[in-house]
Amino acid sequence: MKISIRSSRRAAVAVALGSVLALTATACGDDGSGAAGDKGGEGSGTGRITFWDTNGGVRTDIWKEIIADFEKANPDIKVTYVGIPAASAQSKYDTAIQGGGLPDVGGVGTAMLAEVAVQGALDPLDARLKGSALDGKLSKNLLDSSRAAGGGDQLYQIPTSSNNGTLWYRTDLFERAGLDAPTTWSAFYAAADKLTDRGRNRFGFTIRGGEGSIAPALDAAYSQAGVDSFWDGDRTTVNDPRIVAALAKYVALYKKDTPSADVNNDFTKMVAQWDSGTIGMLSHNLGSYQDHLKALGADRFRGLPSPTRDDGTRVQISNPVDGLSVFKPGKNKAAAWKFVEFAVSHAENSKYNRSAGQIPANTEAAKDAWVQEAEPTKLAAEALNGAGTKIVQLPYYLPDWNTISKADNEPNFQKVLLGTMSAEDFLDLLADQLNKAQADWKQNH
C-alpha cells in the first residue's frame, strides 16, 4: 500500500501531538521553557526569557539591536537570543515541542503557525492584545491573515511584517515604447505584448514556472477575476469559472511574451534574468528591491502593487506574515509579552522593517519617512492597508497545504505552461485536493 506524503505528514503531527500530551516539561533554563502540554505561568514579569529568531544570521544584527533597546528600557528583564536558520526552524520547533526546550517567545511565520499551534505549543494572544499598547495600532489585514493562518478562531501570532506582491517594471523600456505604467491588468497585458520582440530576445514579462510557482499564479488569477474569498462555504473557489478564465489568460503569456526558460525558473533565476535588462516586467515581492537597485540603478525601474481590475478593484492573496508568538509552556509569559509589545512598537517595528525591507505591521511605523521615501514599500503598504483591498486568505492552517501547493501541483503547473494540461483540469484537481483537506481538517477540529 502506497502512503502519500501528506498522509505521512499528518501522521507525524498526530504522533507528535500524542507524545507531547504524555510529556511533562523536561527542560528549563536559558535554552527554553518546556514541552507542549505544560501550561506554564505568568511569572513575575522580570528575570530572564529566551527568544528564538527563526531567520538567524539574516536578521541577527537587527534583533540584537532591538534586544539591547528592550533591556535598556526594561533593566529587570534579560533576553537570551538564539538564532535559528529559517530552513531548520520548523524542525527545531517540532523537536522542542516533543522533547522540551521551547523558548518563551519566538518568531513563527504564518506558513508554520497552524502546525505549531495544533500541537498545543502557543498561547492565545487575543486577551493580551486587547487593551495593550498595540491595540488598534496593527494592520487589520495582517491581523486577519495571522488569525486565519492559525485556524481562524484565535490569534496565536502578533504580526511584525509582511512582504507584498510587487510588479517591477522597466521605466526606460516603457517610456521608449510610449506605454503607461501597468497599474491595471489591461495595461499589463498590453505592455507584455508591445515590449516583446522574440527575434531580438526581448520579452514583456517573465513568469514563474519553477519552485514557488503556485502562489504567484493564484495571486494573478484571483486579482484578475475579482473573486475575494478562497472558500465558498466548505468548497474552494480555485476552480470558479472566473478563476479558470483568468489563469488561462495568464499562462498564455508563456513563450509568447516570456522566455521559454521560465518553465523551470524559481525567483532567483527570474530576478537575475530581469536584472539583465531584456525583460519589461517581473512579478515578485519587495525582497528583490536591492538586487534591482544594484543591477539597474534607481532611475530605470519602479515597483508597483499588483495590478487592479479596470474598475479599480484590488484583490490579492495573503502573503506569508512574519510575527512573534508566546509559548504556552513558558514560566514567564508576562515578560515574554512585554518583549512582544516592545518589539512591535512604533519605533522598534519601524527599525526592524527598515532593515528587512518589509512592510511594518504597526500602522504608525508604516507612515514613517523611510517608508514614504521608498516608493515600492510605500505603495505596497498603502495597498495592503487600503480600505478597499480584499485579501484572499490562503489556507496555511491546513496540514496538507504545503504538500498540495508544492509537491503535488508545481509539476502540474509546468504542464499547464507547456500545454499538456488545461488550466481547468489543473484547477479542478487542485480544488479536489483542497476540498478533501478542508473536510479532514474540519472533522478533526
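Asn201 is partly exposed, because its relative accessibility of 47% falls between the limits of 20% and 50%. The model is predicted. Asn201 sits in a loop, with helix 8 (185–194) on one side and strand 6 (203–206) on the other. Its phi is positive, about 60°, and yet Asn201 is not a glycine.

Lys255 is another non-glycine residue with a positive phi, here about 70°. Its loop runs between helix 10 (241–251) and helix 11. Lys255 has a relative accessible area of 44%, so it too is partly exposed.

## Helix 3 and the glycine after it

Helix 3 covers residues 89–99. Which of its residues are buried? They are Ala89, Tyr93, Asp94, Ala96 and Ile97. Gly100 follows helix 3, and its phi is positive, near 100°.

## Aromatic pairs

The whole structure holds 25 aromatic pairs. One of them is Trp63 with Phe339: the ring centres are 6.2 Å apart and the planes meet at 35°, so this pair is tilted. Trp63 and Phe339 are both buried.

Trp168 and Tyr289 make a stacked pair, because their planes are at 25°, under the limit of 30 degrees. Their ring centres lie 6.1 Å apart. This pair also links distant parts of the chain: Trp168 is in strand 5 (residues 165–170), Tyr289 is in helix 12 (residues 289–296), and they are 121 residues apart. Are the two partners buried or partly exposed? Trp168 is buried, at a relative accessible area of 0%. Tyr289 is partly exposed, at 26%.

## An aromatic cluster and a lysine over a ring

Trp63 and Phe339 return as members of one aromatic cluster. The cluster also contains Phe51, Phe70, Tyr81, Phe342 and Tyr352.

Elsewhere, a lysine meets a ring. Lys249 lies over the face of Tyr189, 4.5 Å from the ring centre.

## Thr171 in helix 7

Helix 7 (residues 171–177) contains Thr171. Its relative accessibility is 9%, so Thr171 counts as buried. A polar atom of the Thr171 side chain is 3.2 Å from the backbone oxygen of Asp299.

Leaving aside residues up to four places away in sequence, Thr171 touches Asp299, Arg300, Phe301 and Arg302.

## Phe267 in helix 11

Phe267 lies in helix 11 (residues 267–275). At 39% relative accessibility, Phe267 is partly exposed, because that value is between 20% and 50%. What does it touch beyond residues up to four places away in sequence? Its contacts there are Arg208 and His284.

Gly210 is 57 residues from Phe267 along the chain, and their C-alpha atoms are separated by 8.1 Å.

## The cavity

How many cavities of 30 Å³ or more does a search of the whole structure find? It finds one. The space in the largest cavity is about 40 Å³. Its lining consists of Leu142, Ser145, Ser162, Gln316, Ile317, Ser318, Asn319, Val321, Leu384 and Ile391. Helix 6 (140–149) and strand 11 (315–317) are the elements that give two or more residues to this lining.

## Gln316, a lining residue

Gln316 is among the residues that line the largest cavity, and it lies in strand 11. With a relative accessible area of 4%, Gln316 is buried, because that value is under 20%. Its side chain makes a polar contact of 2.8 Å with the side chain of Asn164.

Which residues touch Gln316, not counting those up to four places away in sequence? They are Asn164, Asp219, Ala383, Leu384, Thr389, Lys390, Ile391 and Val392. Among these contacts, Leu384 and Ile391 also line the largest cavity.

Terms used: Residues are numbered from 1 along each chain as its sequence is written. This is a predicted model: local features need pLDDT of at least 70, side-chain atom pairs count only at pLDDT 80 or more; totals for chains, interfaces and linings use all residues. Side-chain values use heavy atoms; hydrogens and water are left out. Rings of Phe, Tyr and Trp (its six-membered ring) pair if their centres lie within 6.5 Å; planes under 30 degrees apart count as stacked, over 60 as edge-to-face and the rest as tilted. Buried means under 20% relative accessible area, exposed over 50%, partly exposed in between (1.4 Å probe, protein chains only). Helices (H or I, at least four residues) and strands (E, at least two) are DSSP runs, numbered from the N terminus. A charge sits over a ring if NZ of Lys or CZ of Arg is within 6 Å of the ring centre and within 35 degrees of the ring normal. A polar contact is a pair of N or O atoms within 3.5 Å; within protein, one must be able to donate a hydrogen and the other to accept it, and residues adjacent in sequence count only if both atoms are side-chain atoms. Contact means heavy atoms within 4.5 Å. On a 1 Å grid over the protein atoms alone, a cavity is a set of points where a 1.4 Å probe fits but cannot get out, and a pocket is an open set with protein on both sides within 12 Å along at least five of seven lines; lining residues have an atom within 4 Å of a point. Grid points are joined across faces, edges and corners, and a volume is the space filled by probe spheres set on the points.
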